[in-house]
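Dear colleague,

Please find the structure below.

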Amino acid sequence: MDLGIDADELNTCVQCGLCLSACPTFRVTGDETRSPRGRIALMRHVQLRDAPLTPEIVQSFETCVQCRGCEPACPSGVQYGRLIEQTRTTLARTHRSTPRWLRLAYIPLARPRLLRAGSVAIAVAQRLHLVPTRLGLSVRIPLRQQPIPASGSDVYLFTGCVMDAWQRDVHLATQRVIEAAGFGVTPTLAQAPCCGALHAHAGLTDHTRRMAHKMMAALRPDMPILVDSAGCAAAMKDYGHLLGTPEAGAFSARVFDVQQWLAQHIDRFPKVAPLDLRVAVLDPCHLRHVQKVHLDTRVVLRPFVRELVELDDDGLCCGAGGAYSALEPALAGQIRARKVGSIDRARPDVVASANPGCSMHLGAAGVPTLHPMQLIAQALPGRRPLD
Amino acid sequence: MKLRRHSGRAHDGGPDAALVADLQAAIGRDRVRNDSAERALLSRDASVFDDGVAGPICFPGSTAHVQAVVRIAVRHGRAVVPRGAGTGLAGGAIPLGAPVVVSLTRMNRILEIDHDARVVWVEPGVVNLDLTKHLQPLGFHFAPDPSSQQVCTLGGNLANNSGGPHCLAYGITNTHIIAAEVVLPDGEVAMLGGLDAEPLGYDLRGAFVGGEGTLGIATRIAARITPTAPAVRTLLMSFADVRDAANTVSAVIAAGIVPAAMEVMDQRITRAVEHYVHAGYPTDAAAVLLAEVDGLHDGVDIDAQAIAAIGREQGATEVRLARDDNERMLLWKGRKTAFGAIAQIAPDYYLHDTVVPRAKLAEVLAQTYDIAERHGVIVMNVFHAGDGNLHPLLIFDAREPGVLERVHAAGAEIVKASLAAGGVLSGEHGIGVEKQAYMTLLFTDDDLDHQNRLRKSFDPDCRANPGKVLPSGHSCADIQLLTAVPQGMWV
């Protein structure tokens, strides 16, 4: 079966195995079918040798977190992300994966009112203790959303879908921090309801393309777009490749992770007393392995906290992976256990993660996790106490 | 509504139902896999050999599990092949004739650090670099550092008696394994070696290390831990001719200096790795020599200066000292990922692992380039120069018709040239299936016969990784004992 993968791209892997330790699913299973090398070999079996696409092979592809930790580990420069994304797209198109109920679940993401209604329903259920804890929903979804008014038009703040519905407090903190650096902020809100990252993960790249077109048409072409979710920024920075047009390329070039942007303007912040906290930096995979701007988080955070500590696991994924923690809870839990071990050894007061999915996934394991922007907002004058 | 994916669909259980049922009953359902995907993947390692066929795959979690698996395999008349990370380059983990594959990746606990004996007890699936990182805060490390150390396992290191750049000063794996609990090919458990300085009797531990899985499976390993030196200096020297680099290596050793490591890369390799790591390797030099000394602060400076002076005498065009740990780590990352990085040039590679006397390095190197040119293939040289361990990489695109024959012919000539210079077949990758055929070039019939007797004293029925190391004429006729490829395999 033709998976639609470029033959040359598929051939760059020499099967050396140097990726194995960088793969979270191989780390917890020790199983080649859960490794990048194994998955690429299976892609080859299916596409080049016409091996039948067995349920086990589909599972091998579906269990990939798509963290892309294998890419920096690969001396051959294999673009694993492209390979797995193309594979997942073909699987979804031919209905071998991403079943209908799952596709339905992705619909509200691009429809803010539907998403809001659903979120209120979950919020009510949470207050009636009707949401089982095993679902790992660690955020308390607000019943009523706080307003997030625009303060100027120097930069956009991309607010997105689930994050805006469930964690608008993070956006509010981000907005305060950007403002403290002297920039007026326009939240994107309903103009650009979703980036399509979760869809692309599930192989629904056509949906992602539609959302990319919609967002590019809606936003002014002269404003930088700041993003406080690592997964969303990574997806938006990929629009250039996804759509293959110069306009999309130019759009992607205007997308910045908020820490990446602020690191360039760090001297604009007022001098403040740092928070008396020992903070461990957790690098979201799509910040570290995909956008490769994770060091900026440290630059931005360092003046505002007493102590920054590094984790000792070389940026291994935490298992959140967008919707992965909900779709593959067993593996996601094992992967998280490794991360929690690393966090325990670092003995932080709090963990800073620039991706909402990671925060929720770790929060469900009882790890106190805040967005770097929340910590900085705390340290800035006129702060409001964290709840 | 169907919420559970795959439910009700028939799984591809694969052949060997009775064997699989016994294995699952003994060690648990989730520890045995037998579908065609798993079998296909575990038929390969990092070598070029693709004619392996795996039987059922087991993921034991304890010595008792391994013992149960081995006994069941024996009962079913099947062989057993152990596997670590599958990064071997000689095909040592390639299963021949659908044996039971024992993947030790889940036995990955660091069990106990014994400070008095300076020993750490580990399970075989512990990753080499993980162990070193675990020991780092205590001021120790595990000295053998194969280039694949970020993924390769202690069990695999033991089986191949692995080397690594820093084995020049610290010795190869055999020096660092002082005891091992092993499951013998009949399922019996034995402890080989011990923590005492002089264990009684023959050194069976010494025989077992480097056995490539043909003598049994190690399930607990006592590894020596090495204090980490307080100071390190890393020199990068550029040369206009690869022979000058080789001669520098000989001259350094002759001067009485024993560096921690001395590694040479030729221009093609250097360009490929620099493109990946951006460590500042000079891409215009014909060869670079990476030399590292460690020890006390004052001593390392003296040694580094002495090495630099020798390099200049031998014609080094540039001598550079790594400024800080960061640059040092980048330089080493480049060296250690060299094999993978060549994929930027061609998708396939085949390499040898011969060792030649240091004084013959320059001569044999020149021959490798001649041989490759005559066969119309590209050779790239990267090697553990300090101990004369060559790694000539023949790179090619397997999709090109006829290229594999040329590559094998060139490889054979390179091996013969190394042996003619007084060298040996393998420095560290093992014999596996790759170098079996060359064993007769190095050993007499008598030699091989005695090696086979040693092997048969551990494994009289040829159940342990059959078809490896000893050439078939000198081994028990093991391949004939193996079950034919089962029905239903698609690889």
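Predicted model: local features only at pLDDT ≥ 70, side-chain atom pairs only at ≥ 80, totals over all residues.

Residues are numbered from 1 along each chain as its sequence is written, and chains are lettered from A and ligands numbered from 1 in the order in which they are written.

The contact draws 40 residues from chain B and 28 residues from chain A (two residues are in contact if their C-beta atoms, placed from the backbone, lie within 7 Å). On the side of chain B that touches chain A, helix 2 of chain B gives the most, with 5 residues (helices, H or I with at least four residues, and strands, E with at least two, are DSSP runs numbered from the N terminus). That side of chain B divides into 18 nonpolar, 13 polar and 9 charged residues. Here Ala, Val, Leu, Ile, Met, Phe, Trp, Tyr, Cys and Pro count as nonpolar, Asp, Glu, Lys and Arg as charged, and the others, Gly among them, as polar.

Chain B also holds an open sheet of 7 strands with antiparallel pairing, in the order 15-12-14-13-17-18-16 (two strands pair if DSSP finds at least two bridges between them). Its edge strands are strand 15 (316-321) and strand 16 of chain B, each pairing on one side only. Within the sheet, strand 13 (residues 261-266) and strand 17 (residues 378-383) of chain B are joined over 2 bridges, and B:Met265 has B:Val382 as its bridge partner in strand 17 of chain B.

Yours sincerely
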